[in-house]
Amino acid sequence: PQLLSLLLLGSAVLMAGATASDSQRMRLRGGQTGIMASSKINVLQVGSGNLGQPGTQSNQKRPTAFSKIIWKRLSNEDPKSVEVVGSWSSFKTRHPMSKAQNGDWEIIMELPKGEHQVKFVIDGVNWRCHPELESKADSNGLENNIIKVDTVPKGNTKSAERNPSQSQMRGGGVEVYQPSQESINIALDMVSRLETENRIAQEKLAKANSQLVETLKSELSSGLQVLESKKSHVQGYTQRGSQGLLLIKQAGDSKVQEIKAHMAKIKEILDEKEKIATQMVVDNLNSRLETLEKELAEYKTITPGLMELTEEAQGLLKKSTADPMAFIEAAQSLLPKIQDSTSKASSLTPPTDDAKFDHLKLNLLPQN
């Protein structure tokens, strides 16, 4: 009973591990599994929905099971590579096998249950049957090895043609139970390797998720910096113009006071000069303020139009496929507006924010 429970548990874990994988080929690295020793072995998931010839309905509905295919090392031979091909793919797809420590070449595959014909490709060119595997000729008279796939795995050599577990008769007519250790080894080895692959996949997924989080944080930080930079750029003219208003007022007032101080000393003879000079500065001040205020007003007038045209163009592009004729008409109407608006924006000049009045020739004092 313990042996049967172990086999049932192994089969359940195998099926769960097979359905959890999205890859069609998994190379699992192992070592000592406690049951058998192998440096590495290929585990190939063909899957129940992708078996045999493409589009073959009978293959797609057939249940699958795992099977270990072995090319046992032959004397006086040491191939560089061994591949297996089979009737499940009409002998079109080669599946690389892994070399075990004992010199055998092995692969674990998920195949439809039942009988399959296989052949081995030695060193990429030599197609052969293994002499220790059952073989028979196909409909074309070509000799192929035969493997049988079932829920309970077993070897496919000619000597493995019994059930996985059976009793044998010993001397004296005593019936003794003899388990198939090979079947148990294959099942336990596949469970161990698939569990290892699942653990490694979970660790890689966690690492990839962590990298994704860090990447997105970095990109968002960079994007935020660019947004701040562009926001400052757009607000630059407005801030500069506002500061210019204050500076010009302060500079103009200061100059008026300077003039008044000078004119106070020679007030009796320069009253008229004082009035003229003061008026000149005030007029120049007012003119500059008026000019700068107009410039600021123009900046603020054009900006909403640019934003409105931008939103209108974006909205029109989104509707371009829904009604092409309406889109053409609307686009032709919108383009001149965009041209006019961008032309106005391009013609803008920097703010007239020169706060100096020294260029005025006021002629405050009489010439010597």
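**View 1. Helix α4 and the lining of the largest pocket.** In this predicted model, α4 is the top contributor to the lining of the largest pocket, giving seven residues. Helix α3 joins in too: α3 and α4 each bring at least two residues to that lining.

**View 2. Inside the largest pocket.** Zoom in on the space itself, and you have about 420 Å³ to look at. The lining is made up of 13 residues, and those nearest the pocket centre are V234, Y237, T303, L306 and L348. Sorted by class, the lining has eight nonpolar residues, four polar ones and one charged.

**View 3. Helix α3 against helix α4.** Here are the two helices side by side: α3 covers residues 181-265 and α4 covers residues 267-318. Their axes sit 9 Å apart, and the packing angle is about 175 degrees. An angle over 145 degrees counts as roughly antiparallel, so that is what α3 is to α4. As for who's in the contact of α3 with α4, it has 15 nonpolar, eight charged and six polar residues.

View 4. Across the protein chain the mean pLDDT is 77, with 74% of residues at 70 or more.

Technical notes
Residues numbered from 1 in each chain as written. Predicted model: local features only at pLDDT ≥ 70, side-chain atom pairs only at ≥ 80, totals over all residues. Heavy atoms only, no water. pLDDT = per-residue confidence, 0-100. Axes fitted to C-alpha atoms, helices over the stretch in contact; angles between N-to-C directions. Helix = DSSP H or I, 4+ residues; strand = E, 2+ residues; numbered from the N terminus. Parallel < 35°, antiparallel > 145°, perpendicular 65-115°, else oblique. Nonpolar A, V, L, I, M, F, W, Y, C, P; charged D, E, K, R; others polar. 1 Å grid on protein atoms, 1.4 Å probe; cavity = no way out; pocket = protein on both sides within 12 Å on 5 of 7 lines; lining within 4 Å. Points joined across faces, edges and corners; volume = space filled by probe spheres on them.
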